[in-house]
Amino acid sequence: GQMPPPPEVNQFPGQMPPPPEVNQFPGQMPPPPEVNQFPGQMPPLPAQKRNKPMALLAMMVVAALVVIGGGAYAITRVLFPSGGYSTPDDLAASIENAIDTKSLESLASALPPSELAAVMAWQQDYKADGGTDWSKMTSPEALQEYLEAIVITESDMRYTVEEKSDQIALIRITQWTGDIEIRQELADKLRSRYAEAKGTSLTEEEKDFFDELKDRINANPNMRYGNILDSFPDGKLTLVAVNEEGRWYLSPSMTVAEQALGSDRVVEPHYGADFTDVKGASSPEEAVSGMVDALRNGANMSDKDFYRFLDLPERRIAAVYADAGSAAFVATWTLAMDDFRSNVQIDWGLSSTKVSGGSIVNFGTTSITVGDYSASFNDDTVTYSYPDFGYGYSSRSSSRKSQTVRFTEGLVNPERLGIFTVRDSTGWHVSVNRTYGSLSLLEATDEAVDEAIRGYGGSMQYGADRSQSELRDAATSNKTVGAVLVIMWNFMKNAD
């Protein structure tokens, strides 16, 4: 009589996909990471291909830190207060110059205000967790140390610029050769800044990670060979420029979407889609329910009936890329949506809580039925029911089992457990980026975290490869990890 897993607590049916397993720098939004990695872990280093040295990967990692660092953004907005560029060609030239002159921090002025505002919104409510302050890893001083460890003595980049519409342009990098050296102290600087931000001793796993990073840099610190584009999928790199308020910016999210498509496309992106002239929702609750109901009523994610409920960064991606992709992707997605529309029933009863920068929509008294399974919310509790399978799925009986769980028990700020919505001149919109950031602010009481850690005992699924001390280290150095453990334990301790 195995109990089916509880419903996803933070995701409505039809909601944009949940955040991927997080392998990212602390200070970037948002945790929680997998518990089989330490909180705030840097991106895992992939197995290196032959003749693909560490230099390019290290440069890209530091560039990512620079452009997402709040300190770097603040500095560049002082140095370059206007932000953006008058044409896509000017933007492309600035990117080439930033690499040529090793002034990667200047790229922050090329980032879209809408995306920066969304991914950094959570920082205004972030409070250092006792001795832990992950923002120290992206302080201006830290960023400068990282940059000083990268020496670019030569870079030759060639590109073309193609304006697809008055809102979208593509910067295709057609040639890129370079001479890059990564100094050995980069790993040491990253390690010391991480330790400072964490505020407690590094675990053996964390020490091993930084030792391996240093070994890899030392083994091959230089890149002095032909085409850098060989390091990218299909040997291609296309950057996506977007227009906001008459200025052109480099969009990281659109670029990732463009690159993810690859060359095996049966449906091309809708570069000419209209994602600026939209009408939002009349309330935070309608933004969430309207978005989901649009899908339930037959709309695709690339239809304005759906993406009008999204904030601008996500709206652009949905309008341009939602229907694009390979034949396998399109077929799989079509089947998934058909299944969703035929099997999911929702009785809305949403509620919302006003927070800085917008409102967070919670389940309220919403009821969701998916086939034989149902979940009925009542603010901070959920009752879910499912068929009684007896001794296995083959011996399914006509009876049902149900369980009621107060899933927010032990949380300090349960209002954060929901969908973040923002309001602009057109109405209310769902912000996926702000949702992730808001969830990263979740925290639980020390007592609740202790209970959850004792309950898992280092042997349950979430911490199968960890001792209680390692689990405690992850939960105490990153409050979001502790909160996730508490939520999962709330379900597990009440299971039959």
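## Cavities and cores

Ala121, Trp122, Gln124, Asp125, Ser356, Arg416, Phe420, Arg434, Ser438 and Leu441 line the second largest cavity. A cavity is a set of points on a 1 Å grid over the protein atoms alone where a 1.4 Å probe fits but cannot get out, and lining residues have an atom within 4 Å of a point. This is a predicted model, with local features needing pLDDT of at least 70 and side-chain atom pairs pLDDT 80 or more, while totals for chains, interfaces and linings use all residues. Residues are numbered from 1 along each chain, and side-chain values use heavy atoms, without hydrogens and water.

The second largest cavity has a volume of about 50 Å³, and its lining divides into four nonpolar, three polar and three charged residues.

Now to the nonpolar cores, which are sets of buried Ala, Val, Leu, Ile, Met, Phe, Trp, Tyr and Cys residues joined through side-chain atoms within 4.5 Å. Buried means under 20% relative accessible area (1.4 Å probe, protein chains only).

| Core | Size | Some members |
|---|---|---|
| Largest nonpolar core | 70 residues | Phe306, Tyr307, Tyr321, Val382, Leu485 |
| Another core | 42 residues | Ile173, Ala187, Leu213, Leu250 |

Glu258 counts as buried because its relative accessibility is 3%.

Methods
On a 1 Å grid over the protein atoms alone, a cavity is a set of points where a 1.4 Å probe fits but cannot get out, and a pocket is an open set with protein on both sides within 12 Å along at least five of seven lines; lining residues have an atom within 4 Å of a point. Grid points are joined across faces, edges and corners, and a volume is the space filled by probe spheres set on the points. Ala, Val, Leu, Ile, Met, Phe, Trp, Tyr, Cys and Pro count as nonpolar, Asp, Glu, Lys and Arg as charged, and the others, Gly among them, as polar. Buried means under 20% relative accessible area, exposed over 50%, partly exposed in between (1.4 Å probe, protein chains only).
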